[in-house]
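Below is a short briefing on one structure, grouped by topic. Please keep the sequence and the 3D view at hand while reading.

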Amino acid sequence: SSISSGFLNVIENPNRPGKFCNYKRDVYPLNTTLRYCMPNFIESFFDVPPVDYDTKCFGDETVFEILNKSNTETVSWDFGDPDSDIPVIVDAPVNDIHSHKFSKTGEFQVTLTETTLEGDPFYTTFPVYVNPLPPKSFEPDSLLIFPGSTIPLNAGPDMFTYLWTLDGREIGTEQYLDATEAGQYIAEYNDMNCCTNRDTLEVIPLNIQLPTAFIVDGAPPTDVNRRFKTLGPTEGIEDFTLVVYNRWGQLVWETRNSADYWDGTFKGQPAPTGLYAWNMTFNVTGNVTDIGKVTYRGVVTLLRK
């Protein structure tokens with residue numbers, strides 16, 4: 001303080017050496033009592049870091065705030081992130097908002113250069129840690145579901161909050177969810193670092209069909225009407241079996257590949273025209289049901305030109 005002037009002098013940056021401490025005279029007026037009886041100061045109150053920033057998650061902007069702009073004209077930033085789109089900012093006005101989107105997760109050494117009104121630079125280097133996002137939940141990102149089955153879903157362990165939606169409506173707030181109908185399931189979860197991620201799963205209704213008739217004319221069976229095979233989505237089907245029997249119960253054709261087709265032959269010879277019975281069984285990846293494998297039965301008519 002300056003007793004003769006009746007004002008309190010201020011050191012803006014007491015932890016900086018020399019002129020960088022930003023000493024200022026006659027800043028706050030003192031009344032008569034305070035001139036001779038100054039209170040004790042708590043040192044930690046003045047131990048203010050030069051920069052404050054919000055620790056972010058990957059993909060977010062990290063915003064930096066300079067806590068003491070006294071006697072500072074411009075600032076420059078080196079974010080220690082050479083792989084980013086803007087790794088440095090040079091000679092920006094001190095009152096501008098300064099932010100950076102880091103190119104990856106982990107720790108970065110950020111350097112702030114403050115240039116005083118007199119043109120002198122002061123350097124401060126400090127670490128910034130960018131948290132990773134919680135991992136994705138669903139692999140694959142689509143599953144088939146058939147009536148009466150359940151697909152148990154898991155959004156991942158150790159999250160702080162969970163939110164499930166089905167076609168835009170909220171359906172759950174726990175780690176686990178049983179999907180019992182088709183639609184778009186979205187799991188959004190927030191981890192202990194306040195990082196949020198989401199994953200989407202398309203649950204597709206099982207709509208496999210088989211032709212009721214097909215025509216064989218001796219040409220290569222490239223046309224769908226000239227072969228007997230499954231129609232509809234088959235991704236996610238496993239343990240597949242399709243068998244064809246003639247009217248006497250004799251096995252005519254069998255496959256364990258849903259992409260295969262019967263061309264209307266039996267032991268290398270054209271099979272007689274008429275009705276044939278078929279039986280198809282399979283499982284669907286991720287489905288849980290009390291009925292075991294899915295089973296479909298029907299008949300197909302083999303025709304010839």
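The link between Cys57 and Cys195 is left-handed, with -95 degrees about the S-S bond. It is a disulfide, with the two sulfur atoms 2.0 Å apart; the term stands for a pair of cysteine sulfur atoms within 2.5 Å. This is a predicted model, in which local features need pLDDT of at least 70 and side-chain atom pairs count only at pLDDT 80 or more, while totals for chains, interfaces and linings use all residues. Residues are numbered from 1 along each chain as its sequence is written, and side-chain values use heavy atoms, with hydrogens and water left out.

**The disulfide and its surroundings**

- By the sulfur distance rule, the count comes to 1 disulfide.
- Cys57 sits in the loop between β3 and β4, and Cys195 in the loop between β15 (183–190) and β16 (196–205), so the pair ties together parts that are 138 residues apart in sequence. Strands here are DSSP runs of E with at least two residues, numbered from the N terminus.
- Both Cys57 and Cys195 are buried, where buried means under 20% relative accessible area, exposed over 50%, and partly exposed in between (1.4 Å probe, protein chains only).
- Cys194 is in no disulfide, and the nearest cysteine sulfur, that of Cys57, is 7.3 Å away.
- Cys194 counts as exposed because its relative accessibility is 60%.

**A three-stranded sheet**

- An open sheet is formed by 3 strands in the order β3-β4-β7, with antiparallel pairing. Two strands pair if DSSP finds at least two bridges between them.
- β3 (51–53) and β7 (98–100) stand at the edges with a single partner strand each, so one side of each has no neighbour in the sheet.
- From one strand to the next, the twist averages 25 degrees; axes are lines fitted to C-alpha atoms, and angles run from 0 to 180 degrees between N-to-C directions.
- β3 pairs with β4 (residues 62–66) in the antiparallel sense over 3 bridges.
- Tyr53 stands opposite Phe64 in β4.

**Nonpolar cores**

- The largest nonpolar core has 24 residues, and those with the most contacts inside it are Phe228, Trp262 and Phe282. Such a core is a set of buried Ala, Val, Leu, Ile, Met, Phe, Trp, Tyr and Cys residues joined through side-chain atoms within 4.5 Å.
- At least two residues of this core come from each of β17 (213–216), β18 (237–245), β19 (251–255), β22 (274–284) and β23 (294–304).
- β22 gives the most to this core, with 5 residues.
- Apart from this core lies another, of 17 residues, among them Phe138, Ile145, Leu153 and Leu166.

**Strand β17**

- β17 pairs with β23 in the parallel sense over 4 bridges.
- The bridge partner of Val216 in β23 is Arg304.

**Ser84**

- Ser84 is found in the loop between β5 (72–78) and β6 (88–93).
- With a relative accessible area of 11%, Ser84 is buried.
- A polar atom of the Ser84 side chain lies 2.7 Å from the backbone oxygen of Asp81.
- Leaving aside neighbours within four places in sequence, Ser84 is in contact with His100, Lys101 and Ser103, where contact means heavy atoms within 4.5 Å.

How values were computed
A polar contact is a pair of N or O atoms within 3.5 Å; within protein, one must be able to donate a hydrogen and the other to accept it, and residues adjacent in sequence count only if both atoms are side-chain atoms.
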